[in-house]
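Here is a short briefing to read alongside the model. Keep the viewer open and follow the side chains as we go.

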Amino acid sequence: MKKGHWILIIVLGAIVVIAAGIYSWVKGNYNGLVERSQEVAAQWANVENQYQRRADLIPNLVATVKGYATHEKATLEGVIDARARATQVRIDFNDLNEETLAKYAQVQGELSSALSRLMAVSEAYPDLKANRNFTDLQTQLEGTENRIATERRRYNDAVQAYNVYVQQFPRNLIAGMFGFTPKTFFAAEAGADKAPKVEF
């Protein structure tokens, strides 16, 4: 064989090896992006699941309170209306951004506020406070609120890990090519650092 053929074979072999290495690198980074994106999606589903659990407890709570505090109609209707608004807002994971997340947080915050008013009303009814069904529901709601806080924190942890992964060089080049963009954190509502005022 001529010397030129050997050089051509070596060059083609080197190109094949380099191409295989690049393919492997791109494939590994792409799969890592998909995996982390799915972790964020799964964690968002856990957040929604806990909010849904809370929404599912509310009808029983309202029915129990209604039996004892029938003249608290405005408070009961406020909880029912807030629950309806909260359950109507659904966000597709692919549409999670600051605006949609803020809207979701707002309606969930309105529901939390309405529930706080309902719990404050219960203080005026000793028979209601002594009702086992009410205390069980109240305990379940408190537990659910804790679960919501936990799942929101885990969601934010997953978003942080994903965002770091997506923005690191040179992985950010692969992310940009395939449309992987940073995700939005679930932030506290405005004024959440202040205790709510309850007036009777």
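Arg54 is found in helix α1; helices here are DSSP runs of H or I with at least four residues, numbered from the N terminus. This is a predicted model, where local features need pLDDT of at least 70, side-chain atom pairs count only at pLDDT 80 or more, and totals for chains, interfaces and linings use all residues. Residues are numbered from 1 along each chain as its sequence is written, and side-chain values use heavy atoms, with hydrogens and water left out.

**Arg54**
- Arg54 counts as buried because its relative accessibility is 0% (buried means under 20% relative accessible area and exposed over 50%, with a 1.4 Å probe and protein chains only).
- The side chains of Arg54 and Glu145 are joined by a polar contact of 2.9 Å (a pair of N or O atoms within 3.5 Å, one able to donate a hydrogen and the other to accept it; residues adjacent in sequence count only if both atoms are side-chain atoms).
- Beyond its neighbours within four places in sequence, Arg54 is in contact with residues including Gln108, Leu115 and Ile148 (contact means heavy atoms within 4.5 Å).

**Helix α6**
- In α6 (residues 171–178), the buried residues are Arg171, Ile174 and Ala175.
- These residues lie on the same side of α6, because they cover an arc of only 100° around the axis (taken from the directions from the helix axis to the C-beta atoms).
- Gly176 and Met177 are exposed on the face turned away from the buried side of α6.
- The cover over the buried residues of α6 includes α1 (3–68) and α5 (132–167).
- Gly179 follows α6 and has a positive phi, near 80°.

Note on methods
Helix = DSSP H or I, 4+ residues; strand = E, 2+ residues; numbered from the N terminus.
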